[in-house]
Each structure stands twice: as structure tokens, then as C-alpha cells.
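Colleague: I would like to go through the labels on this model one at a time. Please set each value against its cut-off before you conclude.

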Amino acid sequence: MRLWSLHPKYLDAKGLLGLWRESLLAQKVLLGETRGYRNHPQLTRFKITKDPLLYIGTYLYYIYLEGRSRGYKFNESKILKYDLNIERLPVTDGQVRYEFNHLLGKLRVRDYRKYEEVKDVENIEVHPIFYIIPGDVEEWEKNKDS
């Protein structure tokens with residue numbers, strides 16, 4: 001499971017569809033409707049909020065909007081709740097750079113056109129529920145060294 005800190009516009013079709021599915025799974029995990037992934041490190045930043053379901057729902061809603069802009073038919077009714085005015089969550093610039101490089105590696109292999117489109121981005125935008133702070137790769141990131 002990867003719940004990207006990056007803006008979903010950087011994802012290729014496969015990445016965006018995967019993010020939609022994995023975020024819906026994360027919502028189920030936070031609802032306690034599945035045994036798997038309960039302790040997944042990617043969920044940490046949602047779990048520590050005052051309202052994890054609101055945050056994952058808002059995260060999902062922005063993915064829904066990106067999908068809709070690309071002509072996908074994501075089912076908005078699967079999102080339990082969202083609020084576009086919630087307080088944003090911090091993410092470190094080290095984490096953003098780590099994820100962007102990770103994504104570039106994936107795109108280079110599976111969607112070279114998208115790779116070419118985003119490879120030279122210098123000011124990386126994050127998912128709208130986040131804002132960037134200085135720092136290294138986040139503590140919850142499993143594969144920091146890869």
C-alpha cells in the first residue's frame with residue numbers, strides 16, 4: 001500500500017487507479033472492516049489525526065477529482081466523508097523527494113510518456129491535504145534506504 005504524499009496529477013493511469021483502490025482499502029482499515037494492513041506504516045499520519053476517516057475521505061476525494069478530470073468514473077459515494085477545509089497535514093521535503101524519485105522509477109518502466117512529462121519538475125506539488133515542512137524521509141517510511 002502506498003498512499004502518496006505527491007499530488008495525484010503526477011501518477012500515470014495505473015498509479016492513479018491503484019491509489020484509488022488502496023485508499024478505499026485504507027478507509028476500510030480505519031473503519032475496522034478488515035484485518036489486514038491495520039498496522040501499515042502508511043496509515044500512521046491518518047491515524048494520528050482527530051478524525052482519521054475524515055482525513056482519508058478527504059484524501060480520497062482529491063483522488064476522485066483527479067480521476068474525474070481524466071474521464072474515469074470513480075464512485076464518489078464510496079467516500080464516507082470529506083471536508084475540503086480541513087487543517088492540512090505536514091509532510092517533509094525529504095519524504096516528498098523520496099516519493100517523487102520512487103515514482104519516477106516506476107514511470108520510467110511502465111509509462112515513459114508520463115515519465116518524460118514529469119521528470120524535470122523542480123517544485124513538486126503535494127496532495128492537497130498536505131503541506132511541506134523541512135525534514136528527512138518520514139519515520140514511518142518502510143524502505144528509506146531503497
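Modeller: Start with Trp-20 and Phe-74, which are both buried. This is a predicted model, and every value below is computed from it.

Colleague: What makes the pair of Trp-20 and Phe-74 stacked?

Modeller: The planes of Trp-20 and Phe-74 are 0 degrees apart and the centres 4.5 Å apart. Pairing needs centres within 6.5 Å, and planes under 30 degrees apart count as stacked, so the rings of Trp-20 and Phe-74 pair and the pair is stacked.

Colleague: How do you know that this pair links distant parts of the chain?

Modeller: Trp-20 is in helix H1, whereas Phe-74 is in the loop between H3 and E1, and the two are 54 residues apart. Together with Tyr-72 they form one aromatic cluster. The structure holds 8 aromatic pairs.

Colleague: Why is the pair of Tyr-112 and Tyr-115 called tilted?

Modeller: The ring centres of Tyr-112 and Tyr-115 are 5.3 Å apart, with the planes at 35 degrees. Stacked requires under 30 degrees and edge-to-face over 60, and the rest count as tilted; the pair is therefore tilted. Tyr-112 and Tyr-115 lie 3 residues apart in helix H5, which means about one helical turn between them.

Colleague: Which of the terms buried, partly exposed or exposed applies to Tyr-112, and which to Tyr-115?

Modeller: Buried means under 20% relative accessible area and exposed over 50%, with partly exposed in between. Tyr-112 has 47%, so Tyr-112 is partly exposed. Tyr-115 has 12%, so Tyr-115 is buried.

Colleague: What makes you say that a charge sits over the ring of Trp-4?

Modeller: The charged end of Arg-2 is 5.3 Å from the centre of that ring. The distance limit is 6 Å, and the atom must also lie within 35 degrees of the ring normal. Arg-2 is listed as sitting over the ring of Trp-4.

Colleague: Which residues touch the most other members of the largest nonpolar core?

Modeller: Phe-46 and Tyr-59 do, in a core of 40 residues. Among the elements that give two or more residues to this core are H1, H3 and H4. H3 gives the most, with 10 residues. Tyr-59 touches Phe-46 itself, and its other contacts beyond four places in sequence include Leu-3, Trp-4, Leu-19 and Phe-130. In soluble globular proteins, nonpolar side chains tend to be buried together.

Colleague: What pattern does the chain follow along the sequence?

Modeller: The pattern is α-α-α-β-α-α-β, with 5 helices and 2 strands.

Notes: Residues numbered from 1 in each chain as written. Predicted model: local features only at pLDDT ≥ 70, side-chain atom pairs only at ≥ 80, totals over all residues. Heavy atoms only, no water. Core = buried A, V, L, I, M, F, W, Y, C linked by side-chain atoms within 4.5 Å. Buried < 20%, exposed > 50% of the residue type's maximum accessible area, 1.4 Å probe, protein only. Helix = DSSP H or I, 4+ residues; strand = E, 2+ residues; numbered from the N terminus. Contact = heavy atoms within 4.5 Å. Phe/Tyr/Trp six-rings, centres within 6.5 Å; stacked < 30°, edge-to-face > 60°.
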